[in-house]
Amino acid sequence: MDAFQGMQLNFDVLVVVMGHLWGADDVSRVMRTCRTLYSAGVPKLLCNEVDICGLRTLMSFYRFISGSEGTRYQHMRELKLSLSIYRVEERWKSALVEILTHAQALRKLDIQTTELLDDPRFPVAIFRLPNLTELFMSSKEPEMASVPMLSLMDSKVVKVGLDFICEWEDAVEALSNFSSSLEELTLGWAEFISEDIPYVKMKHLAVELWPVSEIAPLIQAYPNLRTLVIHGYEDLEREEDIREVNKSFQTQRNWKSLDSVSSGIFELYAMAISCKIRYLDVGYLQGPNEAEMLCDILPSCRPSILQVLFHHTFDIDQFPHIARTIPKELTHFVLSVDLLSKTPEGTTRVIDLLLDSLPSLSLTKLELMLFWHDSGYRCRSCYSDGNGDCEVCHNKRLAPLPMELFISAFDTYALAHR
């Protein structure tokens, strides 16, 4: 018996070993050793995400998946389509439709080019998929037509991500086909209007662009929400009116509590959330009125963990006032300060002001991050790289500020024992 024969392992052991390989390249190398391992490797190869990103990939994958009389389709779990079909020949469009038609075991579908949906064969193949649990669609187009496919889908999807501007007026109604199953929703843009379609399993909502408005549809549609990430554009003329409407509604119905909320100061002020929030991220404070907004927000939501970033234009002298309004429930404070416009002496003063304002709080953990954003390399008036036309930079590149001056100005021992 030669050395190679002495090291041979049972095929069952090799299949188990192959099951622990992560990369598709490693799996394919093992598959090429013999027919038995080739067959055993097909399920492993197809359980990972398949990304059809171009015509060559489509051609190669179609030939592979169509082998063994089409039995390989049953192993497909995740498919990502990121190829442009405008220049694809008709026969390969048909091949892609065939892949979608036979991928009955597919659990996750990610469509990166929504131009696919312009061909009516693709929406039909997609809405007939019976086992999808995750659906993602994104488009580089500024706007996209409504997607009636969503209301026709057989699958009861659990996780949806739509990264495009859609012409629908109401996201609650547009996705109502998933109201009994949806748990996580991420939208690039959305309005919420309907209040009579409850998504009882919805736990996580994220919206990148939201026209700030009444909070009633959010509470009514997603009564069991746990995390909310929502950013929008504010209507300063209606801000106070919207806030009063939201405060009034929440005296009648509200979330019991929220685990996490991340939003901008204007959105939070307008929403006027009045339930307990465990973790609250208010983004950054910059303008003169934002400190007062934060003081109005905190007492009603009583966060246990608060994250705030002070922009370099923020008047840090307002912090003691903020500290006095922080509720006693706060135990963990994550505070970041941009010191772009501060001298070493000014930096020391900022630290003293912050720390002197905190003893009244019952904190168990304080995270204080001080940074100089692009310090010295941008004009502080026009915020350009020194090539602007303002009177400060005079078209001259600013010299970098020596960071060691800031560090040496600190009494680090005293700071560590504050």
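The questions and answers below go through parts of this predicted model.

User: What mean pLDDT does the protein chain have?
Analyst: This is a predicted model with residues numbered from 1 along each chain as its sequence is written; local features need pLDDT of at least 70, side-chain atom pairs count only at pLDDT 80 or more, and totals for chains, interfaces and linings use all residues. Side-chain values use heavy atoms, with hydrogens and water left out. The predictor's confidence in each residue, from 0 to 100, is called pLDDT. In the protein chain 79% of residues reach 70 or more, and the mean pLDDT is 82.

User: How many contacts beyond four places in sequence does the model have for residues 375-389?
Analyst: Contact means heavy atoms within 4.5 Å. Where pLDDT is low, the predicted coordinates should not be read in detail. Over residues 375-389 pLDDT stays under 50, and the number of such contacts in the model is 45.

User: Is Ser304 buried or exposed?
Analyst: Ser304 sits in the loop between helix H13 (290-301) and strand E11 (305-310); helices (H or I, at least four residues) and strands (E, at least two) are DSSP runs, numbered from the N terminus. Buried means under 20% relative accessible area, exposed over 50%, and partly exposed in between (1.4 Å probe, protein chains only). Leaving aside neighbours within four places in sequence, Ser304 has contacts that include Lys276, Glu329 and His332. Because its relative accessibility is 18%, Ser304 counts as buried.

User: What is the relative accessible area of Arg302?
Analyst: Arg302 is also found in the loop between H13 and E11. Its phi is positive, about 45 degrees, although Arg302 is not a glycine. Arg302 is partly exposed because its relative accessible area is 27%.

User: Near what value is phi of Ala272?
Analyst: Ala272 lies in the loop between helix H12 (265-271) and strand E10 (276-285). Ala272 is buried, with a relative accessible area of 5%. The phi of Ala272 is positive in a residue other than glycine, near 55 degrees.

User: Which residues does Ser213 touch, not counting residues up to four places away in sequence?
Analyst: Ser213 is in the loop between strand E7 (204-211) and helix H10 (216-221), and at 16% relative accessibility it counts as buried. From Ser213 to Asp241 is 28 residues in sequence and 9.7 Å in space, C-alpha to C-alpha. The residues that Ser213 touches are Ile242 and Asn246.

User: How far does helix H15 reach from its first C-alpha to its last?
Analyst: Helix H15 covers residues 344-356, which is 13 residues. The expected span of a helix is 1.5 Å times one less than its number of residues. For H15 the expected value is 18 Å, and the helix comes close to this with a reach of 18 Å.

User: Which residues of H15 are buried?
Analyst: An α-helix has 3.6 residues a turn, so residues three or four places apart point the same way. In H15 the buried residues are Pro344, Gly346, Thr347, Val350, Ile351, Leu353, Leu354 and Leu355.
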